[in-house]
Amino acid sequence: MGHVMANDQVTNERTVAFLGGGRMGEALVSGLIRSGGRSAGEIAVTARREERVRELADRLPGVMATISNPDAVRWAQTIVLTVKPQDMQALLEEIRGEVRPDQLVITFAAGIRTSFVERFVPSGTPVVRVMSNVPVLVDEAMSVISPGSHAEDKHLAVAEELLSTVGRVLRLSEKHQDAVTATSGSGPAYFFLLAEAMIEACILLGLSRDVATELIIQTMVGSAKMLRDTGRHPVELREMVTSPGGTTIMAIRHLEQAGVRAAFLNAIDAACKRSAELAIGHEPEGRED
Ligand SMILES: NC(=O)c1ccc[n+]([C@@H]2O[C@H](COP(=O)([O-])OP(=O)(O)OC[C@H]3O[C@@H](n4cnc5c(N)ncnc54)[C@H](OP(=O)(O)O)[C@@H]3O)[C@@H](O)[C@H]2O)c1
């Protein structure tokens, strides 16, 4: 039969539709094209407002930009839902009837469980949930993917392939997604707060804001690169800059006295609980890594 569109194009395996072309959707599409993961002609992106559709069409030449979610769903083999969590139900209701069980649905929204998406798609449709983070915008995301009830290895492989164009990807069972949300999902905010605090400290010491910003940002980037590229444990790296009786250990004493380590444990624990409270859909049963 094929799935014939107005332009007589038959759905091909590589077609991907991003429903909700906002910041994340656009970043994913442009990362995918830049990396050569997909050609522009293999991608569709939708938006709610005509103005945004025009903007996406201008910014992503060759990509099918449309206001019609049903058209995009009929056209694509893989459907990526990149709307905000609060817009997810309306979107799913709109495309309900259009999704086929041979398609793959990837949901990107924080806190939307696969079981919720599965309610709106034909029984047996594979659904994969992704929790990514804001460094998607610079191709340095940390994305975690989890299978829904009908997603198999080959479906996870498609999600992995798409997301690896904008950063790193890990597979974990869905029961870990609240922890992932509290750590890598919200994590960039913790680092931004730390940057802010360290910049303020430079200013306290009489440095200009420009100098402070440059010192701290480059220090964070350099330290992050060391953590990633050397593969050495953070304790080991910290010991490298903590000489006996020196300045660093003096600062560390104050950080420990202020309970910074415990504050991180408590903060991330609270974020994880909040993520579980806000999540929409039922807890998946008995799925292990
Ligand atoms: N930002 C992050 O750090 C982050 C991290 C991890 C995951 N996420 C997830 O990524 C998703 C997108 O976040 P974002 O920051 O990209 O949000 P965003 O910039 O607001 O993008 C969402 C887009 O979806 C469009 N939209 C809403 N309903 C639609 C519909 N029915 N049909 C077509 N388009 C529709 C919106 O259109 P309008 O412009 O007309 O409103 C908007 O352009 C969220 O679910 C979020 O949980 C975000």
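Two residues are in contact if their C-beta atoms, placed from the backbone, lie within 7 Å. Helices (H or I, at least four residues) and strands (E, at least two) are DSSP runs, numbered from the N terminus.

## The model

This model is predicted: local features need pLDDT of at least 70, side-chain atom pairs count only at pLDDT 80 or more, and totals for chains, interfaces and linings use all residues. Residues are numbered from 1 along each chain as its sequence is written.

The chain is divided into domain 1 (16-171) and domain 2 (187-275). These bounds come from an automatic or database domain assignment. Taken over C-alpha atoms, the centres of domain 1 and domain 2 are separated by 34 Å.

## Helix α4

Four residues of α4 are buried: Met88, Leu91, Leu92 and Ile95. Buried means that 20 or more other C-beta atoms lie within 10 Å of the residue's own; exposed means 12 or fewer, and partly exposed is in between, with C-beta atoms placed from the backbone. Seen down the axis of α4, the buried residues fall within an arc of 95°, so they line one face of the helix. The arc is that of the directions from the helix axis to the C-beta atoms. An α-helix has 3.6 residues a turn, so residues three or four places apart point the same way.

What covers this buried side? The cover includes β1 (16-19), α3 (69-75), β4 (78-81) and α5 (114-118). The face turned away from the buried side carries the exposed residues Ala90 and Glu93. After α4 comes Gly97, with a positive phi near 65°.

## The nonpolar core and Val80

The largest nonpolar core has 58 residues. Such a core is a set of buried Ala, Val, Leu, Ile, Met, Phe, Trp, Tyr and Cys residues joined through C-beta atoms within 7 Å. Ala17, Val80 and Leu81 have the most contacts inside this core. Helix α1 gives the most to the core, with five residues. In soluble globular proteins, nonpolar side chains tend to be buried together.

Val80 lies in strand β4. Val80 is buried, because 27 other C-beta atoms lie within 10 Å. Leaving aside neighbours within four places in sequence, Val80 is in contact with Val16, Ala17, Phe18, Leu19, Leu28, Ile106 and Phe108. Val80 and Met220 are 140 residues apart in sequence and 33 Å apart in space, C-alpha to C-alpha.

## Around the ligand

Which residues are closest to the ligand? Of the 28 residues that surround the ligand, the closest are Gly20, Gly22, Met24, Ala109 and Ala110. A residue is near a molecule if its C-beta atom, placed from the backbone, lies within 6 Å of it. The elements that give two or more residues to this shell are α1 (23-34) and α4 (88-95).

By class, the shell has 11 nonpolar, 10 polar and seven charged residues. Ala, Val, Leu, Ile, Met, Phe, Trp, Tyr, Cys and Pro count as nonpolar, Asp, Glu, Lys and Arg as charged, and the others, Gly among them, as polar.

## Exposed places

Helix α11 (residues 247-257) has 11 residues, and the number buried is zero, so α11 lies largely in the open. Gly259 follows α11, with a positive phi near 75°. Leu265 is in helix α12 (residues 260-278). Leu265 counts as exposed, because it has 10 C-beta neighbours inside 10 Å.

Asp139 lies in the loop between β6 (127-131) and β7 (141-147). Asp139 is not a glycine, although its phi is positive, about 60°. Asp139 is partly exposed, with 14 other C-beta atoms within 10 Å.
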